[in-house]
Each structure stands twice: as structure tokens, then as C-alpha cells.
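Trainee: Could you walk me through this one while I have it open? I'd like to go piece by piece.
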Amino acid sequence: MSEEQQSENNAALEMLASQLACPSGGFGIMLAQKMNESNIKMAALVAKALAPKKGDAVLEVGLGNGLLSLPILELIGDKGIFVAVEKSDVMVDEANTLFKKKGYKNAYVKHSEFAKIEVQENTLMGIISANVLYFIDDLKVFVERAYYCLN
């Protein structure tokens with residue numbers, strides 16, 4: 001492979017990594033749809049393993065476009081609270097649009113990072129964060145905050 005080809009490959013991989021970390025634009029929307037296809041079974045397993053009950057409060061870190069969060073919303077029902085933080089403004093818009101379209105009035109998506117939001121101690125039944133941990137800058141802070149928030 002020539003040096004020029006290697007440089008082009010590296011640039012493409014850097015762009016893909018950037019989009020996976022924080023999807024943007026039309027490519028980010030398309031990438032999120034592809035990620036849904038490859039992660040749908042995992043999302044079902046996460047919902048089953050977490051097993052929230054009606055009325056529980058759950059937080060998701062990095063929900064993407066929200067499609068894979070629907071099983072959790074079904075489980076917590078309209079008395080539960082679903083809060084999500086997402087650092088991609090495009091994904092925040094996509095998720096909020098989806099939840100509004102589906103009639104979820106108890107789903108809140110905030111454009112932020114987990115380390116920067118206010119969450120009271122012992123208020124959450126569970127925290128979901130799938131395919132996101134490798135994009136977290138400080139895992140120790142992330143885990144400490146998660147422990148603080150869980151009841």
C-alpha cells in the first residue's frame with residue numbers, strides 16, 4: 001500500500017471513529033441506523049438483564065437515536081422515568097423526535113455528558129451504557145458517579 005493510500009485509509013478511519021463517538025450530520029444519522037441493526041439483540045438482552053419494573057427510573061448514557069431504548073420505556077411504563085444523556089446533538093434531536101412520535105411523556109434526553117449532569121444520590125434503579133464506555137474519558141469518574149446515583 002502506498003503512503004498516499006495509507007494516509008487516505010487513516011483519514012477514513014479517524015472520520016469513522018469520530019462519527020461513532022459523536023454522530024453528526026446525515027452520515028451520523030445513517031450510521032446510527034446501521035448501529036441499531038447490529039445492536040438490536042444486545043439491546044433486548046440489556047433490557048431483560050436490567051429488568052426494570054413499572055415506575056422505575058432508568059438513565060441511559062449514549063442512547064444514539066433512541067430506537068434501542070424503546071424496550072426499557074415499555075418496561076418502566078408511563079409511571080417510570082427515562083433520562084438519557086447524549087453528546088451528539090443530532091442524536092438528541094433524533095431520540096426526542098422518536099419519543100414524541102411514540103407518545104412517551106416520561107422520556108427526557110439531555111445534550112450533555114454523564115459526568116456533567118445533576119443526578120441525586122440513590123434515585124436510579126439502573127444505568128444503561130452499551131457501546132459507549134470506550135468513549136468515556138475517565139472511567140473511574142464514570143463508575144463512581146454511577147455508583148452514587150444507583151439505589
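Trainee: How many bridges join strand 2 and strand 3, and in which sense do they pair?
Mentor: Strand 2 (residues 81–86) and strand 3 pair in the parallel sense over five bridges, where pairing requires that DSSP finds at least two bridges between two strands. Strands here are DSSP runs of E with at least two residues, helices are runs of H or I with at least four, and both are numbered from the N terminus. This is a predicted model, in which local features need pLDDT of at least 70 and side-chain atom pairs count only at pLDDT 80 or more, while totals for chains, interfaces and linings use all residues. Residues are numbered from 1 along each chain as its sequence is written, and side-chain values use heavy atoms, with hydrogens and water left out.
Trainee: Which residue is the bridge partner of phenylalanine 82 in strand 3?
Mentor: That partner is alanine 107.
Trainee: And what is the strand order in the sheet?
Mentor: The order is 3-2-1-4, in an open sheet of four strands with parallel pairing. Strand 3 (107–111) and strand 4 stand at the edges with a single partner strand each, so one side of each has no neighbour in the sheet.
Trainee: Switching to helices, at what angle do helix 1 and helix 2 pack?
Mentor: Helix 1 (residues 3–21) and helix 2 (residues 25–50) pack at about 75°, with their axes 10 Å apart; the axes are lines fitted to C-alpha atoms over the stretch in contact, and angles run from 0 to 180 degrees between N-to-C directions. The two helices are therefore roughly perpendicular to each other, a label given to angles of 65 to 115 degrees.
Trainee: Which residues make that contact?
Mentor: Helix 1 contributes Met15, Leu16, Gln19 and Leu20, and helix 2 contributes Phe27, Gly28, Leu31 and Met35, with contact meaning heavy atoms within 4.5 Å.
Trainee: Next, isoleucine 76: buried or exposed?
Mentor: Isoleucine 76 counts as buried, because its relative accessibility is 0%; buried means under 20% relative accessible area, exposed over 50%, and partly exposed in between, with a 1.4 Å probe and protein chains only. Isoleucine 76 is placed in helix 3 (residues 70–76), and among the residues it touches are Pro52, Val58, Ile81 and Phe82.
Trainee: What is phi at alanine 51?
Mentor: Phi of alanine 51 is near 50°, a positive value in a residue other than glycine. Most residues other than glycine have a negative phi. Alanine 51 sits in the loop between helix 2 and strand 1 (57–61), and is partly exposed at 32% relative accessible area.

Note on methods. Parallel < 35°, antiparallel > 145°, perpendicular 65-115°, else oblique. Lists of a residue's contacts leave out its neighbours within four places in sequence.
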